[in-house]
Amino acid sequence: MESVKTTCETRMKKTIAALRDEFNGIRTGRASPSLLDKIRVDYYGQKTPLSQVATISVPEARLIVVQPWDRALFSEIEKAILKSELGLNPSNDGKVIRLAIPPLTEQRRKALVKSAKAIAEQSRVAIRNIRRDSLEELKKESANEKTAEDVVKKVEEELQKLTDSYIVQIAKVLEEKEKEIMEV
């Protein structure tokens, strides 16, 4: 019974962590190295994370500087950044690649908030699916072990409370991201 609850909570924590990672990839008006986390560069035939082939720094609020360790990577990094859906235009001076973060338009901000809400809803659905899976597992275990109904009910209530608390966490994370996006 406890193992079901523990497994459920572990999976829910992973869902929240995945949501935060997903939100890190949503561009706001501020420069952040985490914007480039999902970018992969072709490095000797392997798709390698950008952070493993270059130094990424943020010298100003609206500027990201990428300094490749290998000069041969400049064009590959530029291609990867242009292919990404970040809408950034890299400028290369032979030593570093500069990414100026343009201020977001009101329309773009609203689109990003809408996208963030959709991602949050996917996380809520994932949390509910985890609860459903856990309840099914609980029913199987209780049938095998012939557990008392009141014990099963108590665990079901605990799972519901757990689900509710994670849904509230998703709402808080979404609210923070919305505030960050709408900030001028």
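Setting aside neighbours within four places in sequence, Ile56 is in contact with Pro33, Leu36, Leu50, Ser51, Ile64 and Val65. Ile56 belongs to strand β3, which covers residues 54-60. Keep in mind that this is a predicted model.

- Four strands form an open sheet in the order β3-β4-β6-β5, and their pairing is antiparallel.
- Strands β3 and β5 (90-92) stand at the edges with a single partner strand each, so one side of each has no neighbour in the sheet.
- From one strand to the next, the twist averages 25°.
- Further in, the antiparallel strands β4 (residues 63-68) and β6 (residues 97-100) are joined by four bridges.
- Val65, one of the contacts of Ile56, stands opposite Arg98 in β6.
- Helix α2 (residues 74-83) packs on the sheet and touches β3, β4, β5 and β6, with its direction at about 165° to that of β5.

**Two helices side by side**
- The axes of helix α1 (residues 2-24) and helix α4 (residues 149-182) come within 11 Å and cross at roughly 10°.
- The two helices α1 and α4 are therefore roughly parallel to each other.
- Residues of α1 including Cys8, Met12, Ile16 and Phe23 meet residues of α4, among them Leu159, Leu162, Tyr166 and Val173.
- By class, this contact of α1 with α4 has eleven nonpolar, two polar and seven charged residues.

**A stretch annotated in UniProt**
- An unreviewed UniProt entry places a "coiled-coil region" at residues 138-165.
- In the model, that span is 89% helix and 0% strand, and its end C-alpha atoms lie 20 Å apart.

**Across the chain**
- Ile56 and Arg131 are 75 residues apart along the chain, and their C-alpha atoms are separated by 39 Å.

Methods
Residues are numbered from 1 along each chain as its sequence is written. This is a predicted model: local features need pLDDT of at least 70, side-chain atom pairs count only at pLDDT 80 or more; totals for chains, interfaces and linings use all residues. Side-chain values use heavy atoms; hydrogens and water are left out. Axes are lines fitted to C-alpha atoms, for helices over the stretch in contact, and angles run from 0 to 180 degrees between N-to-C directions. Angles under 35 degrees count as roughly parallel, over 145 as roughly antiparallel, 65 to 115 as roughly perpendicular and the rest as oblique. Contact means heavy atoms within 4.5 Å. Ala, Val, Leu, Ile, Met, Phe, Trp, Tyr, Cys and Pro count as nonpolar, Asp, Glu, Lys and Arg as charged, and the others, Gly among them, as polar. UniProt positions are given in the numbering used here, feature names are shortened, and annotations may be inferred rather than shown by experiment. Two strands pair if DSSP finds at least two bridges between them.
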